[in-house]
Amino acid sequence: MAIVPQHATATADGTGDAIFSFPDVAQGELWCGTTTVPGAPSTAVGMVTIGGELVGAFYGPGSYGPWTCDYSQKLVLSVTGLTPGQQYQAIWHADSKGGEFSTYPAPITPTVVTGGGTVVVTNFPAVQTVDGTVTAKPELATAVESGQVTMTGFVDTLPAFAAVQGVVLTAPASNAHPIYVGNATVSAGSGMILSPGQDPTPILPVSNSDVLSAIGTAPDVLSFLVI
């Protein structure tokens, strides 16, 4: 099927917390897609679980993922920092083509020798003897690291955390100036600009957060999420 949005509705409680539980995946299918909570404040923080296992996190109303579930699992978003008493509708852009191939971390393109032989899958470090269909289960993040780096006016490097999917960055609305992000040679006015309070960046596909550096005016801060 084409991408069919799935919806989960919840009302934030008196402290701004809400839990969004998406519909069950149809038996025999594998749904893969990104999620978003439209209208969520930029200060909202969410955790993503699949089958009860933490697989990632997100900030504000941005789009995050892709997350992959089969029919035995359930996708749930647990969010804090929403407006108390307000109803929200989370969206999962589910695509059943995940049952045919993985979209994360990259399409899997095995080569199978007709009649039996070996298969090499480049993003799954193994050589397996096969005779028939090869099915690879998409990899999911198992840990989440987050924090903030206070700008000094000089180039500041993000802490070293290994990333499964990448790094998401945001500049809090309380900042007074933009922050510039790039590699170790980033300078003011170059690189990616993060304005105070803008939506979080998409997932930046890096293997470790310390490949990213930033420069900004003290005491502005750069928030990061490593997934």
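1. The model is a predicted one. Setting aside residues up to four places away in sequence, Leu 82 is in contact with Ala 12, Gly 16, Ala 18, Phe 20, Ala 40, Pro 41, Ala 44 and Tyr 88.

2. Leu 82 also belongs to the largest nonpolar core, which comprises 32 residues. Together with Phe 20, Val 37, Leu 75, Leu 77 and Trp 92, Leu 82 touches the most other members of that core. At least two core residues come from each of strands S1 (4-11), S2 (18-21), S4 (45-50), S5 (53-59), S6 (64-70), S7 (75-80) and S8 (87-94).

3. A further core lies apart from this one and has 17 residues, including Met 151, Leu 158, Val 206 and Leu 222.

4. The number of disulfides is 0. For Cys 32, the nearest cysteine sulfur is that of Cys 69, 9.2 Å away; a disulfide requires the sulfur atoms to be within 2.5 Å, so Cys 32 is in no disulfide. Cys 69 is likewise in no disulfide, its nearest cysteine sulfur being that of Cys 32. Cys 32 is buried because its relative accessibility is 7%, and Cys 69 is buried at 0%.

5. The count of salt bridges is 1. It joins the side chains of Lys 74 and Asp 24, with an N to O distance of 2.9 Å. Lys 74 is in the loop between S6 and S7, whereas Asp 24 is in the loop between S2 and strand S3 (30-36), so the pair ties together parts 50 residues apart in sequence. With 32% relative accessibility, Lys 74 counts as partly exposed.

Key: Residues are numbered from 1 along each chain as its sequence is written. This is a predicted model: local features need pLDDT of at least 70, side-chain atom pairs count only at pLDDT 80 or more; totals for chains, interfaces and linings use all residues. Side-chain values use heavy atoms; hydrogens and water are left out. Buried means under 20% relative accessible area, exposed over 50%, partly exposed in between (1.4 Å probe, protein chains only). A nonpolar core is a set of buried Ala, Val, Leu, Ile, Met, Phe, Trp, Tyr and Cys residues joined through side-chain atoms within 4.5 Å. Helices (H or I, at least four residues) and strands (E, at least two) are DSSP runs, numbered from the N terminus. Contact means heavy atoms within 4.5 Å. A salt bridge is a side-chain nitrogen of Lys or Arg within 4 Å of a carboxyl oxygen of Asp or Glu.
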